[in-house]
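Here is a brief report on strand order, helix packing and ring pairs. Keep the model in view while reading.

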Amino acid sequence: MTVQITAGQFHAADGVEDWRCLYHVVSAYFRTGSLAKGIALVDEVGRLVGGAEQQYVNVDLRHAGVTVSLLSRDVALARRISAAARELDIPADPTAVQLINVTLDALVRADVLPFWRALLGYRQIDDDYLADPARRGPGFGLQPMDARRPQRNRMHLDVAVPHDQAEARIAAALAAGGQLVSDAHAPKWWVLADAEGNEACVATWVGRE
């Protein structure tokens, strides 16, 4: 595994324009338009990634496109994958990547985490985070709170989007009837809510390092 660098350092590197940092991963989406072209790209990714490095790469193949996520911010590997896509005449669409987390407010995280771990069949990463061992479902996090808040929802979605797409995503949500609850932590995250007050956060890597 390559030495981990910051998200800012990754984005400052040349040749990674196809990729976006989303929390702990970097992802790229390649529009293939067919399974055949997608499989060809996946084959190339498999050829480029060898040995122990494979455990740090996730590939999601669909008819319309392929999402490649690197669990390390490996600039060299990202460049090689982008080059392989260009050789296959498969364009990248950086606006199409995102990462979803479900976040639950909890008074005592240790009391509720075992229940959610058992219910979801997830594995525990830290004392406040669960992950799908098959890497298919969203992450599940526990956020501490000081007192019960029966007047508001305690579970919300965290939607990590490319840093250069956050304002457009927020504008679309507001135009669709949402409201801005808080931008106190922007550009790390913004808190939005729907017309009934159900909250969600739009997050980026900017300001986290």
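The sections below cover the basis, the sheet, the helices and the aromatic rings.

## Basis

This is a predicted model: local features need pLDDT of at least 70, side-chain atom pairs count only at pLDDT 80 or more, and totals for chains, interfaces and linings use all residues. Numbering starts from 1 along each chain as its sequence is written, and side-chain values use heavy atoms, without hydrogens or water.

## Sheet

Eight strands form an open sheet with mixed pairing, in the order β6-β7-β8-β5-β9-β12-β11-β10. Its edges are β6 (123-126) and β10 (179-182), each pairing on one side only. From one strand to the next, the twist averages 30 degrees. Strands are DSSP E runs of at least two residues, helices H or I runs of at least four, numbered from the N terminus. Pairing takes at least two DSSP bridges.

β7 (residues 129-131) and β8 (residues 139-144) pair in the antiparallel sense over two bridges. Here tyrosine 129 stands opposite glycine 141 of β8.

## Helices

Helix α4 (residues 109-120) lies across β5 (99-106), β6, β7, β8 and β9 (155-160). It runs at about 165 degrees to β8. Angles run from 0 to 180 degrees between N-to-C directions, with axes fitted to C-alpha atoms, for helices over the stretch in contact.

Helix α5 (residues 166-175) packs on the sheet and touches β9, β10, β11 (189-193) and β12 (199-203). Contact means heavy atoms within 4.5 Å.

## Aromatic rings

Ring pairs link Phe115, Trp116 and Phe140 into a cluster. Rings of Phe, Tyr and Trp (its six-membered ring) pair if their centres lie within 6.5 Å; planes under 30 degrees apart are stacked, over 60 edge-to-face, the rest tilted.
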